[in-house]
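Please read this briefing with the sequence and the 3D view side by side, and locate each residue as it is mentioned.

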Amino acid sequence: MTTTTTGAERLPALLRRLTGDEKHSPSAYSTLDVLWVLYDRVLRVTPATVDAPDRDRFLLSKGHGPAAYYAVLAAKGFVPEAWLDDLAGPDSRLGHHPDRTLVPGVEIGSGSLGHGLGLAVGTALGLRAQGEQARVYVLTGDAELDEGANHEAVAYAGATGLGNLTAVVVDNASATHGWPGGVAARFHGWSSAVVDGRDHDALAAALTGHDGRRPHVVVARVEPKW
Amino acid sequence: MVTGMREAFVDTASGLLAGDPRTALVLADISADAFLPAQRRHPERVLNVGIREQLMVGVAGGLALTGMRPIVHSYAPFVIDRAYEQIKLDLGHQDAGAVLVSIGASYDAASAGYTHMSPGDVALLDTLDGWTVHVPGHRDEVAGLLRAAAAGDDRVYIRLSTLENRAAHAPRGLTVVRGGGRALVVAVGPMLDPVLAATAGLDVTVAYTATPRPLDTAALRALAGTDVVLVEPYLAGTSSRLVAEALADRPHRLLALGVGRAELRRYGSPKDHARWHGLDAAGLRASISGWL
């Protein structure tokens with residue numbers, strides 16, 4: 001039985017169990033460092049509190065390629081490591097897109113792009129209406145922002161000052177037409193930070209850099225996909 | 001004194017917001033003025049997201065995930081047709097519940113044209129699992145249906161219309177309004193009065209329901225012989241599949257009447273559209289008596 005609170009050095013081995021690929025380095029996973037920093041240093045949620053009303057929420061909107069997410073959830077003890085060995089098998093609870101009803105600690109099922117931000121806004125509003133101090137984090141990709149549904153959520157959250165919401169945009173420059181002027185400039189009414197998506201200390205500072213009066217966006221820049 | 005189904009909805013939803021802190025209302029500008037008093041009293045639970053229907057349904061999903069009970073309201077083509085994938089994923093796939101309440105129906109806004117019509121809303125929800133659908137036929141049926149829906153955790157659609165029957169009836173189940181012999185005529189929601197007028201003097205049983213999903217197939221089996229006529233205020237044939245399944249073990253005939261698929265590209269009034277789709281009393285009588 002491995003301990004459930006191992007460090008980041010265990011992630012490559014966990015990823016190999018998911019992919020069977022001996023060659024991929026962790027840097028092949030654009031979201032890996034952001035996810036690790038969130039679960040290791042930022043989110044107030046543990047395997048024991050996955051149903052607690054006052055837990056912080058993490059919503060993975062960019063649901064495709066969730067290997068890094070599953071590896072982090074396993075490293076932190078949310079799911080048994082043995083689940084990693086049968087990714088998307090007929091009896092597996094872990095698919096190529098996560099299903100919240102199958103995986104402890106997974107807040108939303110995702111895959112179709114552009115749904116997480118709207119769900120995150122609703123979650124943040126629901127927590128606020130019930131007096132909870134918890135924070136909602138939602139992770140998207142820069143290409144995912146092409147989806148129009150995101151812009152409804154970004155504009156509304158900015159205009160209404162939804163202060164308990166943080167969006168994390170993992171920017172690997174994969175949007176077909178790019179975001180001239182930068183991703184952060186699209187988040188009107190939000191506070192923002194643009195950081196190296198591989199620098200854990202910079203990520204931790206940015207992910208806790210909200211002012212509580214506005215929604216906060218962290219653009220985590222990683223190696224371009226193409 | 002409520003003056004219509006929409007007003008009954010506003011009154012009842014405002015009362016629910018005052019009485020149950022779990023209740024939230026999500027709007028996309030439609031009917032926002034009518035809910036201003038409720039919004040002033042409950043600013044954190046009456047949420048008008050602006051003209052953003054995808055967000056409206058996504059927000060409802062997020063609210064439900066925190067344990068709240070969202071009521072979502074807009075015109076039928078905007079809350080159902082436009083936000084279909086949000087209904088499928090942000091509610092159904094998340095295993096989250098909500099109460100969707102629409103106005104406009106198939107052609108209440110006939111003068112606004114096809115953009116404001118949703119004859120396909122119930123058929124769209126039929127592609128998804130677990131939806132209860134209420135189609136009240138009278139304003140006095142709205143409050144009870146909405147209160148019961150708000151008390152649950154499931155997915156419920158309430159389809160309001162400006163077309164109404166003269167009197168309220170029991171909105172659940174399939175209940176006999178007029179007995180007869182040769183066929184069973186099922187009238188859904190506001191189709192009851194036109195059906196009663198159309199079948200005057202015909203030897204048929206007329207039964208009413210304002211809850212087509214789940215369809216009361218036990219009562220249907222008990223009331224039906226071999227001949228069944230469906231009269232629905234949305235796309236013709238929407239419930240044919242359920243009648244066929246319910247009567248699969250017996251030879252039967254089915255006439256399915258409702259709104260046609262063809263886009264008429266005409267304005268006019270709801271009454272005009274009812275006539276053009278053969279859903280006024282004269283059109284229904286011609287269809288039913290010809291088929292019998």
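## A buried serine and its surroundings

B:Ser239 is found in the loop of chain B that lies between strand S10 (227-235) and helix H10 (240-246), where helices (H or I, at least four residues) and strands (E, at least two) are DSSP runs numbered from the N terminus. This is a predicted model, in which local features need pLDDT of at least 70 and side-chain atom pairs count only at pLDDT 80 or more, while totals for chains, interfaces and linings use all residues. Residues are numbered from 1 along each chain as its sequence is written, chains are lettered from A and ligands numbered from 1 in the order in which they are written, and side-chain values use heavy atoms, with hydrogens and water left out.

- Is B:Ser239 buried or exposed? At 1% relative accessibility, B:Ser239 counts as buried, a word that means under 20% relative accessible area, whereas exposed means over 50% and partly exposed in between (1.4 Å probe, protein chains only).
- Leaving aside residues up to four places away in sequence, B:Ser239 touches B:Arg213, B:Leu230, B:Glu232 and B:Tyr234, with contact meaning heavy atoms within 4.5 Å.

**Backbone details in chain B**

- Most residues other than glycine have a negative phi, and most peptide bonds are trans.
- B:Arg213, one of the residues that B:Ser239 touches, is joined to B:Pro214 by a cis peptide bond with an omega of about -10 degrees.
- B:Pro214 has its place in the loop between strand S9 (204-209) and helix H9 (217-223) of chain B.
- B:Ser31 is not a glycine, yet its phi is positive at about 65 degrees; B:Ser31 lies in the loop between strand S1 (23-27) and helix H2 (36-41) of chain B, and counts as buried at 9% relative accessibility.
- B:Ala105, which is not a glycine either, has a positive phi of about 50 degrees; B:Ala105 is placed in the loop between strand S4 (98-103) and helix H6 (121-125) of chain B, and is buried with a relative accessible area of 4%.

**Chain B as a whole**

- Chain B contains twelve helices and eleven strands.
- A compact globule of 292 residues would have a radius of gyration near 19 Å, and the 19 Å of chain B agrees with this; the radius is taken over C-alpha atoms, and the globule rule is 2.2 Å times the number of residues to the power 0.38.
- Of the 292 residues of chain B, 58% count as buried, and among its contacts between residues at least 6 apart in sequence, 74% join residues at least 24 apart.
- The UniProt annotation "domain: Transketolase-like pyrimidine-binding", from an unreviewed entry, covers residues 3-167 of chain B; UniProt positions are given in the numbering used here, feature names are shortened, and annotations may be inferred rather than shown by experiment.
- Within chain B, the span of residues 3-167 is 39% helix and 18% strand, and its end C-alpha atoms lie 14 Å apart.

**Chain A as a whole**

- Chain A has six helices and five strands, which follow one another from the N terminus in the order α-α-β-α-α-β-α-β-β-α-β.
- The radius of gyration of chain A is 17 Å, close to the 17 Å that the globule rule gives for 226 residues, so chain A is as compact as a globular protein of that length.
- The C-alpha atoms of chain A fill a box of roughly 50 × 40 × 35 Å along the principal axes, and 56% of the 226 residues count as buried.

- Why is helix H3 (residues 67-75) of chain A described as largely enclosed by the rest of the structure? Nine of its nine residues are buried, so helix H3 is largely enclosed.
- The buried residues of H3(A) include A:Tyr69, A:Tyr70 and A:Leu73, and what covers the buried residues includes helix H1 (11-19), helix H2 (32-42) and strand S1 (57-60) of chain A.
- H3(A) is followed by A:Gly77, whose phi is positive, near 85 degrees.
- A:Asp211 has its place in the loop between helix H6 (200-207) and strand S5 (216-221) of chain A, and counts as partly exposed at 25% relative accessibility.
- The C-alpha atoms of A:Asp211 and A:Pro90 are separated by 45 Å, the two residues being 121 residues apart along the chain.
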